[in-house]
Amino acid sequence: MSSAQREYDRLRGRLSRLGYISQGSVQDRTSRTGGGVGYQWTRKVAQKTVTVSLTAEQFAQMKQATTNYRALRQLLKRMETLSRTILFTNCPHPSRHKRLSPKVLGTV
């Protein structure tokens with residue numbers, strides 16, 4: 001088993017342990033003076049920003065979910081690169097006059 005395959009399997013394991021995911025960002029606005037919303041979750045929907053008020057418990061859970069979402073995106077990006085590395089290494093290439101660079105293959 002190649003090092004790329006071992007890393008891919010390790011990332012797949014991390015992926016299964018991520019927990020809840022959500023796009024967007026959360027803000028704690030409880031320390032603001034002048035009133036206003038305490039906790040907010042903001043995201044884009046159809047090119048528009050949507051903001052939702054949250055309870056303290058919802059804020060804590062959504063904060064973890066948005067952090068998990070960012071981790072998911074990073075994991076998927078790395079897994080995609082590793083997938084191409086594994087596929088182009090293990091599957092035969094057609095004959096070429098010029099060798100394809102890692103940049104063209106998307107393995108860097």
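These legends go with several close-up views of a predicted model.

The model is predicted, so local features need pLDDT of at least 70 and side-chain atom pairs count only at pLDDT 80 or more, while totals for chains, interfaces and linings use all residues. Residues are numbered from 1 along each chain as its sequence is written, and side-chain values use heavy atoms, with hydrogens and water left out.

**View 1. S22, in the loop between α1 and β1.**
The loop that holds S22 runs between α1 (3-16) and β1 (25-28). Helices here are DSSP runs of H or I with at least four residues, strands are runs of E with at least two, and both are numbered from the N terminus. S22 comes out at 13% relative accessibility, so it counts as buried; that label means under 20% relative accessible area, with exposed set at over 50% and partly exposed in between (1.4 Å probe, protein chains only). Skip the residues up to four places away in sequence, and S22 touches W41, M62, A65, T66 and Y69. Contact here means heavy atoms within 4.5 Å.

**View 2. T66, seen from helix α2.**
Now for the other side of one of those contacts. T66 sits in helix α2 and is buried, at a relative accessible area of 1%. With neighbours within four places in sequence set aside, T66 is in contact with S22, Q23, G24, S25 and V26.

A salt bridge is called when a side-chain nitrogen of Lys or Arg lies within 4 Å of a carboxyl oxygen of Asp or Glu. By this rule the count comes to four. One of them joins the side chains of R10 and E7, at 3.9 Å from N to O. The side chains of D9 and R12 make another salt bridge, at 3.7 Å from N to O. D9 is partly exposed with a relative accessible area of 25%, and R12 is partly exposed with 47%.

Side chains of opposite charge can pair when their charged atoms come close. E80 is partly exposed at 45%, and R84 is partly exposed at 24%. Elsewhere, salt bridges with shared partners tie E7, R10 and R78 into one network.

**View 3. Q40 in strand β2.**
Strand β2 covers residues 39-45, and Q40 is part of it. At 15% relative accessibility, Q40 counts as buried. Leaving out neighbours within four places in sequence, Q40 is in contact with S25, V26, Q27, R29, T51, V52 and L54. With R29 there is also a side-chain to side-chain polar contact, at 2.8 Å. That term covers a pair of N or O atoms within 3.5 Å; within protein, one must be able to donate a hydrogen and the other to accept it, and residues adjacent in sequence count only if both atoms are side-chain atoms. Q40 and H93 are 53 residues apart in sequence and 51 Å apart in space, C-alpha to C-alpha.
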